[in-house]
Structures are given as structure tokens and as C-alpha cells.
Amino acid sequence: EYIDVSNDISDLATRRFANQVSSIQVFRGKAPNMQNTGNAVTLYIGSNYKWRNQSLGEGNYTSKDFGLAYDLTSLRVSQGFYVRLFDNDNFQGRSVD
């Protein structure tokens, strides 16, 4: 199970996913092609896009790859990209996209 996100989410608590994300897949369109395209998604530790943030390009990220693991609360998704969020590392467990 997973959730694909194609729009901004101001508070992941509305999806019951705040402070639980430990791995992320970022891709353009509906199928990943794994080309780094710059800032496809920006992650925030505060709801409503506040506080510390980190931007990721297209790719697969485990908790060791992004500094906001387990603290992610909101995110902005660039047009044409999708983000799949998982609550366990290595793209396992419950997920949101």
C-alpha cells in the first residue's frame, strides 16, 4: 500500500502520515525514469510549509538519503511530478501517494 502525491500537502496529519515518512520515491509522470531533474519536491518539518526544508530531485530516497526522515510534515510538489511516501525504510510498509 502507498500514496502518490501530485499536489502540495500543507499538513500530512490529514493523511495520517505526519512525522512518519522514512523513504520517498520522486518521479515525473506516472512511471519513474530516474533522471535527476532538480527540485521536484520540497519537504518541510512544519505544517503549512514552515521551518526547515529540503528539496529533492527525481529518484529513490531512504532515511539515510534525506535529512527530514521521520520529521516530514508538509511538502510542495512541482508540476508534472509525483511523490510516493512510505512509513518504513527501503520503500516498505504503509505508504501515501
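User: What share of the 97 residues in the protein chain counts as buried?
Analyst: In this predicted model, 43% of the 97 residues count as buried.

User: And how much accessible surface does the chain have?
Analyst: The accessible surface comes to about 5,100 Å². Carbon and sulfur atoms hold 39% of that area.

User: OK, secondary structure. How many helices and how many strands?
Analyst: The chain has zero helices and eight strands. Along the sequence the pattern reads β-β-β-β-β-β-β-β.

User: What percentage of the contacts comes from residues 24 or more positions apart?
Analyst: That percentage is 72%, counted among contacts with a separation of 6 or more.

User: Let's talk sheets. In what order do β3, β4 and β6 sit in their open sheet?
Analyst: The order is β4-β3-β6, and the pairing is antiparallel. The average twist is 20° from one strand to the next.

User: Which strands stand at the edges?
Analyst: β4, residues 50-56, and β6 stand there. Each has a single partner strand, so one side of each lacks a neighbour in the sheet.

User: What holds paired strands together in general?
Analyst: Strands of a sheet pair through backbone hydrogen bonds, either parallel or antiparallel.

User: Back to this one. How many bridges join β3 to β4?
Analyst: Five bridges join them, and the two strands run antiparallel. Strand β3 covers residues 41-46.

User: Which residue in β4 is the bridge partner of Tyr44?
Analyst: Asn53 is the bridge partner of Tyr44. Leu43, for its part, stands opposite Gln54 in β4.

User: How many residues lie between β3 and β4 in their hairpin?
Analyst: Three residues lie between them. Asn48 sits in that turn.

User: How accessible are Asn48 and Tyr49?
Analyst: Asn48 is partly exposed, with a relative accessible area of 45%. Tyr49 counts as partly exposed at 22%.

User: New topic. How many salt bridges does the structure hold?
Analyst: It holds one. The side chains of Asp8 and Arg76 meet in it, at 3.1 Å from N to O.

User: Where in the chain are Asp8 and Arg76?
Analyst: Asp8 is in the loop between β1 (3-5) and β2 (23-28). Arg76 is in strand β6, residues 74-77. They are 68 residues apart, so the pair links distant parts of the chain.

User: Why can such side chains pair at all?
Analyst: Side chains of opposite charge can pair when their charged atoms come close.

User: What does Asn7 touch, leaving aside neighbours within four places in sequence?
Analyst: Asn7 is in contact with Leu75 and Val77. Its C-alpha is also 7.9 Å from that of Gln79, 72 residues apart in sequence.

User: Which backbone oxygen does the Ser74 side chain reach?
Analyst: The side chain reaches the backbone oxygen of Gly46, at 2.6 Å.

User: What else is Ser74 in contact with?
Analyst: Leaving aside neighbours within four places in sequence, its contacts include Ile9, Leu12, Thr42, Leu43 and Tyr44.

User: Last one. Where does Phe17 lie?
Analyst: Phe17 lies in the loop between β1 and β2. Phe17 is buried, with a relative accessible area of 0%.

User: How far is Phe17 from Asp87?
Analyst: Their C-alpha atoms are separated by 7.7 Å. Along the chain, Phe17 and Asp87 are 70 residues apart.

Technical notes: Residues are numbered from 1 along each chain as its sequence is written. This is a predicted model: local features need pLDDT of at least 70, side-chain atom pairs count only at pLDDT 80 or more; totals for chains, interfaces and linings use all residues. Side-chain values use heavy atoms; hydrogens and water are left out. A salt bridge is a side-chain nitrogen of Lys or Arg within 4 Å of a carboxyl oxygen of Asp or Glu. Helices (H or I, at least four residues) and strands (E, at least two) are DSSP runs, numbered from the N terminus. Buried means under 20% relative accessible area, exposed over 50%, partly exposed in between (1.4 Å probe, protein chains only). Contact means heavy atoms within 4.5 Å. Accessible areas come from the Shrake-Rupley method with a 1.4 Å probe; for residues, only the protein chains shown count as cover. Two strands pair if DSSP finds at least two bridges between them. Axes are lines fitted to C-alpha atoms, for helices over the stretch in contact, and angles run from 0 to 180 degrees between N-to-C directions. A polar contact is a pair of N or O atoms within 3.5 Å; within protein, one must be able to donate a hydrogen and the other to accept it, and residues adjacent in sequence count only if both atoms are side-chain atoms.
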